[in-house]
Amino acid sequence: MSSSLAVLDDQNGWNEKQLAVLKQIGVQGATQGDLDIFFNYCQRTGLDPFARQIYMINRGGKWGIQASIDGLRIVAQ
C-alpha cells in the first residue's frame with residue numbers, strides 16, 4: 001500500500017509522494033514545522049487533505065489549517 005496517499009495510523013510524517021502532491025496543491029512554501037503540524041491535525045482528526053477534506057492555507061505569511069464543508073460533515077458524523 002506504499003503507493004496510496006492515505007495517511008496511515010502508524011505513519012510518523014508525510015512520505016515523499018504525499019509531500020510531492022501537497023506541494024502541487026499549494027503548500028510549497030510551508031516550513032517543515034508547518035507541515036508537521038498539518039500532519040498531526042490530519043492524523044488526529046482523520047481528515048484527508050488528498051480528498052479535499054482539510055487544507056493548509058497561507059494568509060498574510062502565516063499558515064492556517066481549515067476544514068472543508070465535507071471535512072466538517074465527516075467530523076459531525
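Modeller: Serine 68 lies in the loop between strand E2 (62-67) and helix H3 (69-76). The model is predicted.

Biologist: What makes serine 68 buried or exposed?

Modeller: Its relative accessible area is 12%. Buried means under 20%, so serine 68 is called buried.

Biologist: What does the side chain of serine 68 reach?

Modeller: That side chain reaches the backbone oxygen of arginine 52 at 2.8 Å. A polar contact needs a pair of N or O atoms within 3.5 Å, and 2.8 Å meets that distance. Leaving aside neighbours within four places in sequence, serine 68 is in contact with Arg52, Gln53, Ile54 and Tyr55.

Biologist: Why is glycine 29 called exposed?

Modeller: Glycine 29 has 57% relative accessibility. Exposed means over 50%, so the word applies to glycine 29. The residue is found in the loop between H1 and H2.

Biologist: How far is the C-alpha atom of glycine 29 from that of valine 75?

Modeller: The two atoms are separated by 28 Å, and the residues are 46 apart along the chain.

Biologist: Which residues make up the largest nonpolar core?

Modeller: There are 12 residues in all, among them Trp14, Leu22, Phe38, Ile54 and Met56. Helix H1 (16-27), helix H2 (32-45) and strand E1 (54-59) each supply at least two of the core residues. H2 gives the most, with 4 residues.

Biologist: Why might such residues be found together?

Modeller: In soluble globular proteins, nonpolar side chains tend to be buried together.

Biologist: Which residues is phenylalanine 38 in contact with, leaving aside its neighbours within four places in sequence?

Modeller: Phenylalanine 38 contacts Trp14, Leu22, Pro49, Ile54, Tyr55, Met56 and Ile65.

Conventions. Residues numbered from 1 in each chain as written. Predicted model: local features only at pLDDT ≥ 70, side-chain atom pairs only at ≥ 80, totals over all residues. Heavy atoms only, no water. Core = buried A, V, L, I, M, F, W, Y, C linked by side-chain atoms within 4.5 Å. Buried < 20%, exposed > 50% of the residue type's maximum accessible area, 1.4 Å probe, protein only. Contact = heavy atoms within 4.5 Å. Polar contact = N/O pair within 3.5 Å; in protein donor to acceptor, adjacent residues only side chain to side chain.
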